[in-house]
Amino acid sequence: MAPLWYKNALFYELPVRAFYDSNGDGHGDLAGVTRKLDYLQALGVDCLWLPPIYPSPLLDGGYDIADYYGIHPDFGTMADFKQLLTEAKRRGLRVIADLVLNHTSASHPWFQAARADRASPYRDYYVWNDTDQRYQAARIIFLDTETSNWAWDQTAGQYYWHRFYSSQPDLNYDNPAVQAEMLNVLKFWLDQGLDGFRCDAVPYLIEREGTNCENLPETHKFIKTVRNFVETHYPDCVLLAEANQWPHDLRPYFGDNDEFHMAFHFPVMPRIFMALGRGDASALIEILKATPAIPPENQWCTFLRNHDELTLEMVTDAERLWMWRRYAPEPRMRLNLGIRRRLAPLLGGDARQLELANALLFALPGTPIFYYGDEIGMGDNIWLPDRDGLRTPFQWDAGPNAGFSSAAPEQLYAPVVAEGPFSYQRVNLAAQLADSQSLWHRLRRLVTVRKAQPVFGCGEYEFLPLAGAQVFGLARRHAGEVVVALHNLTAEPQRVEIDPSQTPCLASWQGASAHDLVAERAAGQLRPTLTQTLGPYSYCWLKLEKDGAGPP
Ligand code: NOJ
């Protein structure tokens with residue numbers, strides 16, 4: 001067992017359908033992922049997160065599960081899944097998968113039994129009511145599609161509760177049988193050798209009148225039960241929370257290290273884009289200052305993009321408007337309270353900003369996660385329905401179907417991005433592997449540097465008191481080591497002065513020399529201060545060395 005392995009790691013979100021099609025049927029599959037494990041290892045990935053791989057009508061990317069104990073036939077078989085785990089382990093890679101606790105698909109046999117018969121033991125697996133007037137304080141999440149969290153079911157003769165699409169009825173966590181079912185599901189997959197779960201939509205498990213039905217004490221109680229079960233039987237496994245909440249509501253999801261090991265830091269994400277777009281780190285600094293400390297065993301998971309719209313739920317109304325105007329100028333780019341675009345198009349395909357955004361992400365406290373394809377700057381297709389345009393086939397090379405599949409193009413589950421600046425002819429892995437200055441190689445280097453410095457994964461942090469907010473600067477400290485990370489958010493050169501007498505965690509580093517970890521060069525000494533000039537959208541990570549010699 002490697003304690004706290006998730007703290008100094010790189011995670012990678014890998015939607016199986018989009019990655020690699022091993023049998024030419026037009027869908028990415030588990031055997032395809034296995035074939036590409038060497039690639040993921042070369043990138044420096046430690047842990048894969050597989051979004052839902054279970055049987056499902058796929059009305060919500062698989063987050064509508066019809067059978068918790070199987071593999072979707074498009075993705076392969078249980079044998080393929082086990083083979084993937086075996087091959088991943090052989091390479092020292094871990095694999096987590098989605099655990100969708102809050103709801104099932106309406107086509108799940110539990111729901112079919114529940115709606116058909118009031119006397120069925122499954123009726124109480126879901127949340128029913130004679131009117132659609134309960135829990136009115138709960139917000140609607142899929143605002144562009146749903147008008148209510150209640151849907152009328154003709155067969156059942158009642159309304160059922162759903163926080164997402166009406167094709168996803170919520171499970172009733174007040175029913176102990178539902179809680180027991182979910183522990184069985186968890187056990188089943190951990191027994192196959194999975195290394196943990198990304199737990200979907202955790203704030204919404206329990207409903208109570210007079211509340212917004214999020215983050216309720218009973219929800220936390222169930223999560224403690226889950227953690228206790230995992231801790232007892234699978235102590236090396238990790239539970240990662242998807243809770244799109246403000247920092248003070250996120251903090252309880254760690255408990256006393258008796259709920260989740262990790263949680264996505266949702267409020268930080270849009271503020272990284274605000275920092276880059278405004279050339280000013282103030283909002284990012286403010287949200288980090290508003291983030292409570294977490295137990296030392298726990299860890300934030302930080303990200304730039306994922307398979308959903310870039311959510312703007314955890315910003316003010318004014319900030320949301322600013323983000324939409326800046327990053328979603330066309331109405332089609334907006335979805336619900338967010339933006340359906342990928343990282344590279346959001347940043348105008350600008351190589352400097354793409355590298356800077358990742359450097360900044362890597363310098364923050366937490367474990368970073370890549371969204372597949374962002375390591376090569378893949379584009380999107382906003383004209384596909386829902387969030388499908390963020391989930392197009394991985395662009396392996398400039399060959400047919402971007403090297404993703406040997407099927408006829410019209411057989412692909414989604415078209416490859418074939419036009420514009422992000423087309424697979426221009427943006428693909430093979431081309432980037434061949435170019436030592438490509439985004440892929442630059443990010444690969446960042447990954448190596450970060451993982452070699454435990455200050456990033458495990459250390460505390462302190463903001464540098466710089467003259468303005470155009471440069472985002474922080475000192476990271478762990479086990480007697482310090483790295484100072486500076487990021488110029490603007491298109492102009494910026495000069496900054498680091499003054500150890502003004503920064504408590506640098507106080508004992510007077511006279512130390514600085515070594516630029518990424519550029520691999522000496523960067524001056526703190527005598528008594530150190531001045532650095534950063535080019536447009538550039539950054540440096542300076543490791544301090546007391547002997548004045550710098551690392552070998
Ligand atoms: C969050 C997932 O990331 C999203 O893709 C899904 O639609 C909802 N939860 C509902 O499961």
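The paragraphs below walk you through this protein chain, from its overall build to a few of its parts.

What you see is a predicted model, in which local features need pLDDT of at least 70, side-chain atom pairs count only at pLDDT 80 or more, and totals for chains, interfaces and linings use all residues. Residues are numbered from 1 along each chain as its sequence is written, and side-chain values use heavy atoms, leaving out hydrogens and water.

Let's start with the whole chain. It has 16 helices and 22 strands; these are DSSP runs numbered from the N terminus, with at least four residues (H or I) for a helix and at least two (E) for a strand. The C-alpha trace spans about 80 × 55 × 50 Å along its principal axes. Of the 552 residues, 62% are buried, where buried means under 20% relative accessible area with a 1.4 Å probe, counting protein chains only.

Now find the barrel. Eight strands close into it in the order S1-S2-S3-S7-S8-S9-S10-S14, with parallel pairing. The twist from one strand to the next averages 25 degrees; axes here are lines fitted to C-alpha atoms, for helices over the stretch in contact, and angles run from 0 to 180 degrees between N-to-C directions. Two strands count as paired if DSSP finds at least two bridges between them. In general, strands of a sheet pair through backbone hydrogen bonds, either parallel or antiparallel.

Seven of its seven residues are buried, so S3 is largely enclosed by the rest of the structure. Strand S2 (residues 47-50) pairs with S3 over four bridges in the parallel sense, and Leu50 has Ala97 in S3 as its bridge partner. To get from S2 to S3, the chain passes through helix H4 (residues 78-90) in a right-handed β-α-β crossover. Right-handed means that, with the strands pointing away from the viewer, the path from the first strand over the helix to the second runs clockwise.

Ala241 has Ala263 in S9 as its bridge partner. Helix H13 packs on this sheet, touching strand S10 (299-303) and strand S14 (367-371), and its direction makes about 150 degrees with that of S14.

Next comes an open sheet of six strands, in the order S15-S16-S17-S22-S19-S20, with antiparallel pairing. Strand S15 (460-463) and strand S20 (521-525) each have a single partner strand, so one side of each is left without a neighbour in the sheet. Three bridges join S20 to strand S19 (residues 513-516), and Ser513 stands opposite Gln525 in S20.

Helix H10 (residues 282-289) lies across S15 and strand S16 (471-478), running at about 135 degrees to S15. Its buried residues are Ala283, Leu284, Ile285, Ile287 and Leu288. They pack against several elements, including helix H9, helix H13, S15 and S16.

Finally, look at Leu276, which lies in helix H9 (residues 268-278). Leu276 is buried, with a relative accessible area of 2%. Among the residues that Leu276 touches are Tyr327, Gln353 and Leu489, a contact being heavy atoms within 4.5 Å.

Definitions and conventions
Buried < 20%, exposed > 50% of the residue type's maximum accessible area, 1.4 Å probe, protein only. Lists of a residue's contacts leave out its neighbours within four places in sequence.
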